[in-house]
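Let's take a walk through a protein model together. Keep the structure open beside you and turn it as you read.

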Amino acid sequence: MNTTATALFQNISDPDCKKMFACMKSYTAAFHSGDIIYTYGGSQQSVGIILQGKVSVVRYEYSGSRTILEELAPGDIFGEALAFYLPEYACITALCQKDCRILFLDYDHLIQNCAKVCPCHTQLIRNMLRLLSEKSRLLSERIEVLSQRSIRGKLLCFFRQQSAKYQSTAFTLPFSMIDFADFLSVNRSAMVREIKKMKEEGILEIEKRRITLLSDPQTA
């Protein structure tokens, strides 16, 4: 495992990581597309680290509709202890979107320093706090998108965020159109119609999942 590519293990050597894994009851599991990896609100007290593949954290409503809460890639982490939403109100799961390998660590052992107060474990806790801060920032961005009253407002807000993230007016959507609608919590057909209108009005160009903004989305 290349731990240097994972934010949780930054500034920690591979030998030190291997020592900590033994203390944290770690194990690795493989999943196929469509598999449920983790159910929030269950009995699991672990943190998952994506080594390979793609994962969506999905909320299923009682009505049968769904909302994509997070899209996760290699190096990202997930787990109930890291969540900012309340799982008791609906079924929330981590769903494998692309064949995955996941490293699981026991959460209690992760956040508690060992008796030897090893510098590597102290660094691990610092990294965890940094990741929680980043998750909080992403949550704020998500709230900003969902707080927009119209489908166009949600689209423009999300596109503006992506443009700032990549420092470019052109970027690739990290979703299929079906998943994008679920991420925005809007009707897919209505969203596609709105994107078509925005293209006709000269606000953007779209080719498959590639978006190019042609005018300032704040003033369009």
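This is a predicted model: local features need pLDDT of at least 70, side-chain atom pairs count only at pLDDT 80 or more; totals for chains, interfaces and linings use all residues.

Strand β8 covers residues 204-207 and strand β9 covers residues 210-213; the two pair in the antiparallel sense, with 4 bridges between them. To see one of these bridges, find Ile206, whose partner in β9 is Ile211. Together β8 and β9 make a hairpin, with 2 residues between the strands. In that turn, look for Lys208, which has a positive phi of about 55°.

Now move to the helices. Helix α5 spans residues 177-184 and helix α6 spans residues 188-200. How do their axes meet? They come within 9 Å and cross at roughly 100°. Angles from 65 to 115 degrees count as roughly perpendicular, so that is the word for how α5 lies relative to α6. On the α5 side, the residues that meet α6 are Met177, Ile178, Phe180, Ala181 and Leu184, while α6 brings Arg188, Met191 and Ile195. Sorted by class, this contact has 7 nonpolar residues, 1 charged residue and no polar ones.

Helix α5 has another partner, α4. The axes of α4 and α5 come within 11 Å and cross at roughly 105°, and these two helices are therefore roughly perpendicular to each other as well. From α4, the contact uses Lys154, Leu155, Phe158 and Phe159; from α5, it uses Phe180, Phe183 and Leu184. Here the classes come out as 6 nonpolar, 1 charged and no polar.

Some of these names come back when you look at the largest nonpolar core, which has 24 residues. Which residues have the most contacts inside this core? They are Leu155, Phe158, Phe159, Phe180, Leu184 and Met191. The elements that each give two or more residues to the core are α4 (151-166), α5, α6 and β9. The largest share, 5 residues, comes from α4.

Is Asp182 buried or exposed? Buried means under 20% relative accessible area, and Asp182 has 15%, so it counts as buried. Which residues does Asp182 touch, once its neighbours within four places in sequence are set aside? Its contacts are Arg66, Thr67, Ile68 and Arg142.

Notes
Residues are numbered from 1 along each chain as its sequence is written. Side-chain values use heavy atoms; hydrogens and water are left out. Two strands pair if DSSP finds at least two bridges between them. Axes are lines fitted to C-alpha atoms, for helices over the stretch in contact, and angles run from 0 to 180 degrees between N-to-C directions. Angles under 35 degrees count as roughly parallel, over 145 as roughly antiparallel, 65 to 115 as roughly perpendicular and the rest as oblique. Contact means heavy atoms within 4.5 Å. Ala, Val, Leu, Ile, Met, Phe, Trp, Tyr, Cys and Pro count as nonpolar, Asp, Glu, Lys and Arg as charged, and the others, Gly among them, as polar. A nonpolar core is a set of buried Ala, Val, Leu, Ile, Met, Phe, Trp, Tyr and Cys residues joined through side-chain atoms within 4.5 Å. Buried means under 20% relative accessible area, exposed over 50%, partly exposed in between (1.4 Å probe, protein chains only).
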